[in-house]
Amino acid sequence: MQNLTVLGSTGSIGTSTLDVVSRHPDKYRVVALTANSQVDLLFRQCVQFKPAYAVLLDEVAASRLRALLKEATLGTEVLCGVEALAAVCVLPEVDAVMAAIVGAAGLRPTLAAAHAGKKILLANKETLVMAGNVFMDAVRASGSALLPIDSEHNAIFQALPRGYDGNMKGSGVRRILLTASGGPFRNTPIDELKHVTPEQACAHPNWSMGRKISVDSASMMNKGLEVIEAHWLFNAPACDIQVVIHPQSVIHSLVEYIDGSVIAQLGNPDMRIPIAYGLAYPERIDSGVASLDLFKVATLDFVEPDFKRFPCLALAYQALRTAGTAPTLLNAANEMAVAAFLDQKIPFLAIPQVIESVLNTLPVYAVSCLDDVLGADTEARSAAQLQIQRLLK
Ligand code: NAD
Ligand code: MG
């Protein structure tokens, strides 16, 4: 029996995780569920999974959940606030933590899970982008098992030799081929991108996801963040990570070896596949996903990414090459810009402008501890806010 904490249980990854868990009541038990403010869904999840703890960020929401649970005579204890998110990750009875909060808010609890030596199912890529070396040091020091849930990184993990230790050359790996769908604007005339709405940006052709990552996919910042994520997970330099646009999203990524062999992982675009893999590793369990129908897929296309159309991808490579706090600045500026775009305050094409101005104005420092990361994150948010304000005028 594996005891789980699911951070961000009401989101896209969180609900897919609980879907897989519900198929295997003999293998997984939910100890804690957490959400930002979605009381009704969190309540329904408490009824179904009967966790010992439920965490909400907001005190009003927490009181409402307490009342609902009392009425239903359920014994789940409701906690509130940021500290509680980390607290439910380090409980002695917890074996594994699904890190599925979106954005920088996921960093502290995920890092707490790493310090506590828990098995980590990592969906929250922002943790690695913001604080790659701090997080990886914590994972190594405590001996946490780290399973990538992002579909591409999960595919790479599966295609690398079992027990891969971060030594690409020693493992005979030549490069990593990171696939990308290209998002909803892959073929939209660049001129029309000026006017696209949040609804259009969130209408992903292949995947159903939360709004922030959907906008990131439309700008291809998602792939940029994933390049940085791959760098930390697999100890791969930027020059050995090639992004490949593959519109069908059937090949989830590939690893090329020095003998010319290329190993890929394929499957339907459904996050329950990497989630089930992470939950059961090193075994396999049913994820509820249908067989891949290759006859229906019929063709697989591959295109080189266009950095002019997707300047966010170029900015992410630039930040990775600059290193230090540069990826932290990139991530924070992107979160601010995406939120402003979703609030219809700035146009889609202003997202890379905000990020570029932050990267070009703020100094970059070496990162040796969490405070370095948090300092850069705060500075970048203020600088991005100023830039957004300028665009409003
Ligand atoms: P989502 O928006 O659907 O869900 C986010 C979850 O986090 C919700 O439960 C929400 O209540 C919670 N949350 C939001 N803000 C919070 C805060 N400030 N404090 C505490 N909790 C908060 O997002 P998602 O699509 O499930 O993505 C979650 C993470 O997984 C992201 O980092 C994303 O990049 C990554 N990811 C998602 C997918 C996908 O298919 N959805 C694929 C790969 C990686
Ligand atoms: Mg991905």
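I took helices (H or I, at least four residues) and strands (E, at least two) as DSSP runs, numbered from the N terminus. The model I looked at is predicted, with local features needing pLDDT of at least 70 and side-chain atom pairs counting only at pLDDT 80 or more, while totals for chains, interfaces and linings use all residues. Residues are numbered from 1 along each chain as its sequence is written, chains are lettered from A and ligands numbered from 1 in the order in which they are written, and side-chain values use heavy atoms, with hydrogens and water left out.

Entry on ligand 1.
I looked up the shell around ligand 1 and found that helix H1 (12-22) and helix H6 (125-142) each supply at least two of its residues. In total 24 residues surround the ligand, and the closest are Thr10, Ser12, Asn36, Glu126 and Gly210; I counted a residue as near if one of its heavy atoms lies within 4 Å. Domain 1 (2-148) and domain 2 (156-297) both give residues to this shell, so ligand 1 lies between them; the bounds come from an automatic or database domain assignment.

I then listed pairs of N or O atoms within 3.5 Å. A polar side-chain atom of threonine 10 is 2.7 Å from an oxygen atom of ligand 1, and a backbone N or O atom of asparagine 36 is 2.8 Å from an oxygen atom of the ligand. For glycine 210, a backbone N or O atom lies 2.9 Å from a ligand oxygen atom. Of the 840 Å² of accessible area that ligand 1 has on its own, the protein covers 89% (Shrake-Rupley method, 1.4 Å probe).

Entry on the magnesium ion.
I noted that ligand 2, the magnesium ion, is coordinated by Asp150 (OD), Glu152 (OE) and Glu226 (OE) at 2.1 to 2.2 Å; donors are N, O and S atoms within 2.8 Å of the metal (3.2 Å for Na, K and Ca), and since water is not among the atoms, the site may look incomplete. Aspartate 150 sits in the loop between strand E7 (146-148) and helix H7 (151-159) and glutamate 226 in helix H10 (residues 221-234), so the pair ties together parts that are 76 residues apart in sequence. I found aspartate 150 buried at 6% relative accessible area and glutamate 226 buried at 1%, where buried means under 20%, exposed over 50% and partly exposed in between (1.4 Å probe, protein chains only).

Entry on the backbone.
I recorded a cis peptide bond between tyrosine 281 and proline 282, with omega about 5°.

How values were computed. A polar contact is a pair of N or O atoms within 3.5 Å; within protein, one must be able to donate a hydrogen and the other to accept it, and residues adjacent in sequence count only if both atoms are side-chain atoms.
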